[in-house]
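Hi,

Here is the structure I said I would pass on. Have a look at it first, and then read my notes below.

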Amino acid sequence: MEYIRNHIKELGPRARVGFGAPTNADARDICAEGESGLISTYRDEFRHNRSLNEAYHRETNAYVKFMGTENPDRWNGPQWTLLAFDELSLCNPKAIAEAQFGLRLGSHPRMIAAYTPRKRQHIKDLEAEEGKTLFISRATTFDNTKLPKRRLEQLQRQYGGTQLGRQMLEGL
């Protein structure tokens with residue numbers, strides 16, 4: 001969220017952010033209003049229109065649209081300075097592709113995404129760009145300083161050494 005906020009502060013009123021998630025409900029309930037969502041994290045900085053799933057930064061008037069990827073055609077048309085996706089591997093690949101055509105505003109349009117590694121073709125294709133047009137930062141569940149130690153220990157006991165644990169806990 002801090003990256004998005006910094007982008008908005010840097011570009012001011014020219015910033016147009018498309019924030020995607022697997023569904024419209026995910027975009028609203030997690031990316032915007034979730035405990036670590038953009039609106040929840042920076043509540044005093046945004047005017048949020050829940051019914052339209054969009055927000056304006058109070059200081060800069062930068063625009064953020066929260067959208068699900070279940071209807072890919074909705075991503076065809078809007079223009080962005082920044083695309084941000086949560087759970088990219090669960091998003092509809094056609095929507096991600098459509099969104100790319102609108103990523104054309106500003107001097108350095110870019111996309112950021114968070115996801116748990118899954119061997120889906122659109123993720124494999126994306127990761128093939130690492131070192132060319134893509135930078136990947138990896139982290140594990142254990143890097144999350146906000147998770148209680150007791151919960152981490154429980155997850156490790158339950159899933160450590162399993163395929164699901166390697167994927168979800170270790171980010172592999």
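A quick word on terms before the pocket: a pocket here is an open set of grid points where a 1.4 Å probe fits, with protein on both sides within 12 Å along at least five of seven lines. Its volume is the space filled by probe spheres set on those points. Please also keep in mind that this is a predicted model.

With that in hand, the largest pocket comes out at about 1800 Å³. It is lined by 49 residues, and the closest to its centre are Asp86, Ala113, Ala114, Tyr115 and Ser137. Strand S6 (110-114) gives the most to that lining, with 5 residues. Other elements that each supply at least two lining residues include H1, H2, S5, helix H5 (121-127) and helix H7 (163-168).

Now the packing. The largest nonpolar core holds 20 residues, and Ile4, Ile8, Phe19, Leu38, Phe46, Val64 and Phe66 have the most contacts inside it. At least two residues of this core come from each of helix H1 (2-11), strand S1 (16-21), helix H2 (24-32), helix H3 (38-41), S4 and strand S5 (82-86).

On to the strands. S2 (residues 46-49) and S3 (residues 54-57) run antiparallel and are joined by 4 bridges, with Asn49 opposite Glu54. Their hairpin has 4 residues between the strands, and Asn53 takes a positive phi near 55° there. S3 also pairs with S4 (residues 63-68), again in the antiparallel sense, over 3 bridges. On that side Glu54 stands opposite Lys65. The hairpin of S3 and S4 has 5 residues between the strands, and here Asn61 is the one with a positive phi, near 65°.

Last, the aromatics. The whole structure has 4 aromatic pairs. One of them is Tyr56 with Tyr63: the ring centres are 5.2 Å apart and the planes sit at 50°, so this pair counts as tilted. Are these two tyrosines buried or exposed? Tyr63 is buried, at 11% relative accessible area, while Tyr56 is partly exposed, at 28%. Elsewhere, ring pairs link Trp75, Trp80 and Phe85 into a cluster.

Cheers

Methods:
Residues numbered from 1 in each chain as written. Predicted model: local features only at pLDDT ≥ 70, side-chain atom pairs only at ≥ 80, totals over all residues. Heavy atoms only, no water. Pairing = 2+ DSSP bridges. Phe/Tyr/Trp six-rings, centres within 6.5 Å; stacked < 30°, edge-to-face > 60°. Buried < 20%, exposed > 50% of the residue type's maximum accessible area, 1.4 Å probe, protein only. Core = buried A, V, L, I, M, F, W, Y, C linked by side-chain atoms within 4.5 Å. 1 Å grid on protein atoms, 1.4 Å probe; cavity = no way out; pocket = protein on both sides within 12 Å on 5 of 7 lines; lining within 4 Å.
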